[in-house]
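Visitor: I've got a model on my screen and a few things to ask about it. Could you walk me through it?

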Amino acid sequence: MITDTGYERAGSVPPVRVSSPTEERNPRTRDIDIVPTAELVAMISDEDARVVDAVRAQHPQIVAAVDIAVDAILAGGRVHYVGSGTSGRMAFMDAAELLPTFGVGEEMFVAHIAGGTGAFARAVEGAEDDAGAGRALLDGASPHDVVVGIAASGRTPYVRGAMEAAREIGASTVLLASNPLAPLAPLADVAILVDTGAEAITGSTRMKAGTAQKLVLNTLSTAVMVRLGKTYSNFMVEVVATNEKLRGRLVRLLEQATGHETEACERALRDVGGDLRVALVTLLVGVDETAARAALAAPGVRGVRGALDRLR
């Protein structure tokens, strides 16, 4: 049971009234606390179903953000996700999953949450209001970097601090919010403003706004990985095989991508030390490991497709 609301400890700081659709009362769920469970669940699902179309309406802005991120990474920069609360947690999940999926870590994508990594599991009081902490994130950053500010309301001071610091050093900025009139939009080179509307539970942005953030971040990071050559067709080719399931997945991916039998795929993987990209090139073109590695490492080559084009 929560006994400390934090309200008394706020001192003389006046409360902020946020103007955003996410803070409005949803007329479709007014009786959510008295309807049967089946209807309650249906109300929540019906609201969630609206999110996909809201994200789809922002596709041009997502495309622009992908292109900015790809250019930044190719220039040696990084993508900084910056958020607080649910927004920060969504950022952390997306960035963390890039390593096992695409072999990419903080050299390309790094996530920051207000209050530090401990805030992932437990909220840190007042952290989202600390614009100075947001600014400090960009200490030592490069003009080639990109800051993706994530804030359902589009106003979070912590995010504002990071975006302002980014602009001062010439880095690119992207805002992901669920408020079409997000106050931080003028600080963004690209503003992805997903109009998810009122939440099923008023102000609970862990719901539709959080779902929208998950969809957009998944799309953004995955599209960046594809553009950087981290896939071949729709196969993950830089997956980190850290367990038996994933090692089995590598063999299956080789089978699906090349049409070779299991034994041949297992042998090809063993011969190249488990490097799926090299095994793919050897099987698809019929070259040895040395030629495959040289093609993959050649200047200007992005991934397996580029290596195949070079060898054919």
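Visitor: Leaving aside neighbours within four places in sequence, which residues is Glu-128 in contact with?
Guide: Keep in mind that this is a predicted model. Glu-128 sits in the loop between β2 (109-113) and α4 (131-136). Skip its neighbours within four places in sequence, and the contacts of Glu-128 are Ser-84, Ala-114, Arg-155, Thr-156, Pro-157 and Tyr-158.

Visitor: Is Glu-128 buried, partly exposed or exposed?
Guide: Buried would need under 20% relative accessible area, and exposed would need over 50%. Glu-128 comes in at 35%, so the label is partly exposed.

Visitor: Where does UniProt put the "active site" feature, and how far apart are the farthest two C-alpha atoms?
Guide: The UniProt record, an unreviewed entry, places that feature at Glu-97 and Glu-128. They span 32 residues in sequence and do not all gather at one spot, because the farthest two C-alpha atoms are apart by 24.1 Å.

Visitor: And what is the relative accessible area of Glu-97?
Guide: Look for Glu-97 in helix α3 (residues 85-102). Glu-97 is partly exposed, with a relative accessible area of 39%.

Visitor: Moving on to helices: how are α10 and α11 oriented to each other?
Guide: Helix α10 (residues 289-297) and helix α11 (residues 303-311) pack with their axes 8 Å apart, at an angle of about 115 degrees. The crossing is right-handed. Angles of 65 to 115 degrees count as roughly perpendicular, so α10 and α11 are roughly perpendicular.

Visitor: Which residues of α11 meet α10?
Guide: On the α10 side you'll find Ala-291, Ala-295 and Leu-296. By class, this contact has six nonpolar, one polar and one charged residues. The α11 partners are Gly-303, Val-304, Ala-307, Arg-310 and Leu-311.

Technical notes. Residues are numbered from 1 along each chain as its sequence is written. This is a predicted model: local features need pLDDT of at least 70, side-chain atom pairs count only at pLDDT 80 or more; totals for chains, interfaces and linings use all residues. Side-chain values use heavy atoms; hydrogens and water are left out. UniProt positions are given in the numbering used here, feature names are shortened, and annotations may be inferred rather than shown by experiment. Helices (H or I, at least four residues) and strands (E, at least two) are DSSP runs, numbered from the N terminus. Buried means under 20% relative accessible area, exposed over 50%, partly exposed in between (1.4 Å probe, protein chains only). Contact means heavy atoms within 4.5 Å. Axes are lines fitted to C-alpha atoms, for helices over the stretch in contact, and angles run from 0 to 180 degrees between N-to-C directions. Angles under 35 degrees count as roughly parallel, over 145 as roughly antiparallel, 65 to 115 as roughly perpendicular and the rest as oblique. A crossing is left-handed if the near helix is turned anticlockwise from the far one by less than a right angle, and right-handed if clockwise. Ala, Val, Leu, Ile, Met, Phe, Trp, Tyr, Cys and Pro count as nonpolar, Asp, Glu, Lys and Arg as charged, and the others, Gly among them, as polar.
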